[in-house]
Amino acid sequence: MPHIPSPGHFERQHERLDALLHAHLLDVAGADFASALRHLQQWHGGLQEHITIENTRLLPHVPEGARWAARVYLLEHDRIALLAEEYQARVQAVAEQPPQDESGRRRAVLMLLDAAHALRHVLEHHHEREHSALAHELPPEVQEAAWQGVVGVRAPEDFQ
């Protein structure tokens, strides 16, 4: 019997994370590097929790014959975690020593936006893979149990 699609567990979790990353990028665009770092740290904490839940509570249940093996998701999680760490180090460096002149701020903004691009690209494709396959291949009760009690990161009020 085919599984009925979940009530959007993956979508809800990804929307919350995406809202935090969006808030961070708006801060970067406005050259508010201290706030950008705070939002990024919130996002990164939520991302780490999200990956841990998926790795430990969901991926062990990927069925034989699934569109993508659990190994694919695990490798993507590793790649996302690495890109997130590298990006956070760049943001932290700018936040700790923000440029003092307008030209320097603009260069820092551009550098951070460019650096975020690879991370965002990998996240977008990973989320799409989870939405199009994993959310439909895992039994709904497994998904319910995995996300039960997980509030997830709260998006900034401006983005809810």
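Predicted model: local features only at pLDDT ≥ 70, side-chain atom pairs only at ≥ 80, totals over all residues.
View 1. Residues are numbered from 1 along each chain as its sequence is written, and side-chain values use heavy atoms, without hydrogens and water. The lining includes His 14, Asp 18, Arg 120 and His 131. Helix α4 (102–137) gives the most, with seven residues. Helix α1 (9–29) supplies at least two. Helices are DSSP runs (H or I, at least four residues), numbered from the N terminus.

**View 2. Leu 47 sits in the largest nonpolar core.** Such a core is a set of buried Ala, Val, Leu, Ile, Met, Phe, Trp, Tyr and Cys residues joined through side-chain atoms within 4.5 Å. Buried means under 20% relative accessible area (1.4 Å probe, protein chains only). This core has 26 residues. Elements α1, α2 (33–58), α3 (70–96) and α4 each give two or more. Leu 47 touches Leu 17, Ile 80, Ala 84 and Leu 123, leaving out residues up to four places away in sequence. Contact means heavy atoms within 4.5 Å.

**View 3. His 9 belongs to helix α1.** His 9 counts as buried because its relative accessibility is 7%. Beyond four places in sequence, His 9 touches Gln 143, Glu 144 and Trp 147.

Key
1 Å grid on protein atoms, 1.4 Å probe; cavity = no way out; pocket = protein on both sides within 12 Å on 5 of 7 lines; lining within 4 Å. Buried < 20%, exposed > 50% of the residue type's maximum accessible area, 1.4 Å probe, protein only.
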